[in-house]
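Subject: A structure for you to explore

Hi there,

Here is the structure I promised to pass on to you. Have a look around first, and then read on for what turned up in it.

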Amino acid sequence: MNEQFTLPDGTIVGTGNIEPTEEQLLLCKSDYRVFGEDYYLDKSDIEKLLKGDRYKELRKQRAKFVINQGRLGKCNASAAVAGLHQIRESAGLPTKVLSDCHLYMKINRGSDSGSILIDGFNELKKAGVSTRRIEFAGKSYLIPDNVHLKRQIPREWLDVANKTALEYKTFEAFTLPDDYATFKIAVASALARDYPIVFAWHVGANGMRLSNGYVNNARGVGNHANLAHSAKWVGGEDLVHPDDQNSWGPSVDPMYGPTSGGWGEGGFGLFTMESFFRCRRNHMFWVLVGATQEKSANPLA
Amino acid sequence: MIKLSLPEQIKTEPLGPIKQPEQPKFSDHGFVALLSGAIGLLIGFLVGVNFQSFDFFQGDQESIVDPDNDRKESNADKIEATDSVFVFVYEFQTKTADQELLVRDLRAWSEIKKCKFRQFDQDSEDAKPYKAAAEKAGLKSPFLAVVRNGKIVRVFDWPRDREALERLVR
């Protein structure tokens, strides 16, 4: 369902993460590889890559990519698209603003009542996601940022969007392990390597504000999905504290959503490792490691 | 610079061929006229030679007699950053922390140089042509390929060849 909350500045924002079934979780395990020990880094290497509060530098660089999902329950689509934006940028692909609404309308089963993370990644793998700006026969169309049904955009442009999406479906996604000890090293290694993680957390009334820079994650199954774009090195048992890039603004560029309102520290907030792990048992978490574009992305093409 | 250097060159230039020994009886006027003419020819010759030399070293291709030949000698190695794509190929599965730092370094460098940057896992389809080019150059990943107009023009070991690349990119 799409639970809505009011930010301190009065802006109403949506959530929209639905718990998958046991069957879906099992299928997912067979369809996607786990981000396994081959990719894990030593503690000293994780520290080397994240020291000096690198996450703060990255916040500045990535502030322009903060999405504002508004009141819609498209958090899954917004988180997945934010992850694709990040890995596309890391790979050096041209900046293309992808449409979370286009992805959301294909996975919400016909109403603005949220979606399942697994459905989002299956859809991305199968059919991709369109750019917001699409072009055909010399004409251009901007997919609105507040639609959740296919019939809300002209039929011919929906066809163009679906065809455009095929160019943006190639990426590599891994799932995160579900035992805490391995989860920690996997999360720390992924974020140290700048691989974003799509995860779930539970928003309650106190989730609208941070406490000393940290997200107030309520007890619950995980009604909201976000992107951890980087992490703060803390050492000790936790190793790192993931840095959340939420989808409630402030968006600098209207292509990423309404520019009014905003959450956290410029759209970001930290999680302790335990808090970050809390909803893992209910949801699959995803690591995005790379993306290519089907057409004209290779300079030799 | 050229004008200042000419009189000295003239003074020091042997005028033997012009001062012909069988013409000592020429009148002063005749001798002066001949000498002036010879000096004029010599100045013309020297000015021409000096302009060519000057332009060659400055890389002014408009006044170079054989532009293609001179470009080979002076500009062949230069790489225009803005028109090039720098492609980093690495091995994803064995990517170490140092290589991660290397990529960051390279990305920052690309931004400073205002050139395009791409990276591919060495096992991806996209990486194949780059790997082939690198193997020809005796390199293995990680390496950096420079692409211009859809062609691989150079392959560098990164970071070993960084200094060489720095000298070449403008």
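Predicted model: local features only at pLDDT ≥ 70, side-chain atom pairs only at ≥ 80, totals over all residues.

**Chain A as a whole**

By that definition, chain A has nine helices and twelve strands. If you follow the C-alpha trace along its principal axes, the spans are about 55 × 50 × 40 Å.

How much of chain A is buried? The figure is 51% of its 301 residues. Contacts across the sequence are also worth a look: among those in chain A between residues at least 6 apart, 75% join residues at least 24 apart.

Just after H5(A) you will find A:Arg109, which has a positive phi of about 55°.

**Some backbone details in chain A**

Two further residues of chain A have backbone angles to look up. A:Asp194 is not a glycine, yet its phi is positive, near 70°. You can find A:Asp194 in the loop between helix H8 (180-192) and strand S6 (197-201) of chain A. Is A:Asp194 buried or exposed? It counts as buried because 21 C-beta neighbours lie inside 10 Å, and the cut-off for buried is 20 or more.

A:Leu239 also has a positive phi, about 65°, without being a glycine. This residue sits in strand S10 of chain A. With 22 other C-beta atoms within 10 Å, A:Leu239 is buried as well.

There is a cis peptide bond in chain A too: the one from A:Gly249 to A:Pro250, with omega near 0°. To find A:Pro250, go to the loop between strand S10 (239-245) and strand S11 (268-270) of chain A.

**Chain B and its sheet**

Now for the other chain. Chain B contains six helices and four strands, and along the sequence they follow the pattern α-α-α-β-α-β-α-β-β-α. Of its 170 residues, 22% count as buried. For contacts in chain B with a separation of 6 or more, 57% come from residues 24 or more positions apart.

Strands of a sheet pair through backbone hydrogen bonds, and they can do so parallel or antiparallel. In chain B, four strands form an open sheet with mixed pairing, in the order S2-S1-S3-S4. S2 and strand S4 (151-157) are the edge strands, each pairing on one side only. On average, neighbouring strands of this sheet are turned by 25° against each other, direction ignored.

S3(B) and S4(B) run antiparallel and are joined by six bridges. If you want to see a bridge up close, B:Val147 has B:Ile152 in S4(B) as its bridge partner. A helix, H5(B), packs on the sheet and touches S1, S2, S3 and S4 of chain B, with its direction at about 60° to that of S4(B).

Chain B has a cis peptide bond as well, joining B:Ser141 and B:Pro142 with omega about 5°. B:Pro142 lies in the loop between helix H5 (128-136) and strand S3 (143-148) of chain B.

**Where the chains touch**

How many residues of chain B are in contact with chain A? There are 15, and they contact 13 residues of chain A. On the chain B side, strand S1 (84-90), helix H4 (97-113) and strand S2 (116-121) each supply at least two residues. S2(B) gives the most, with five residues. By class, this side of chain B has seven nonpolar, three polar and five charged residues.

Enjoy exploring, and do write back with your questions!

Best wishes

Methods
Residues numbered from 1 in each chain as written. Chains lettered and ligands numbered in written order. Buried ≥ 20, exposed ≤ 12 C-beta atoms within 10 Å, placed from the backbone. Contact = placed C-beta atoms within 7 Å. Nonpolar A, V, L, I, M, F, W, Y, C, P; charged D, E, K, R; others polar. Pairing = 2+ DSSP bridges. Axes fitted to C-alpha atoms, helices over the stretch in contact; angles between N-to-C directions.
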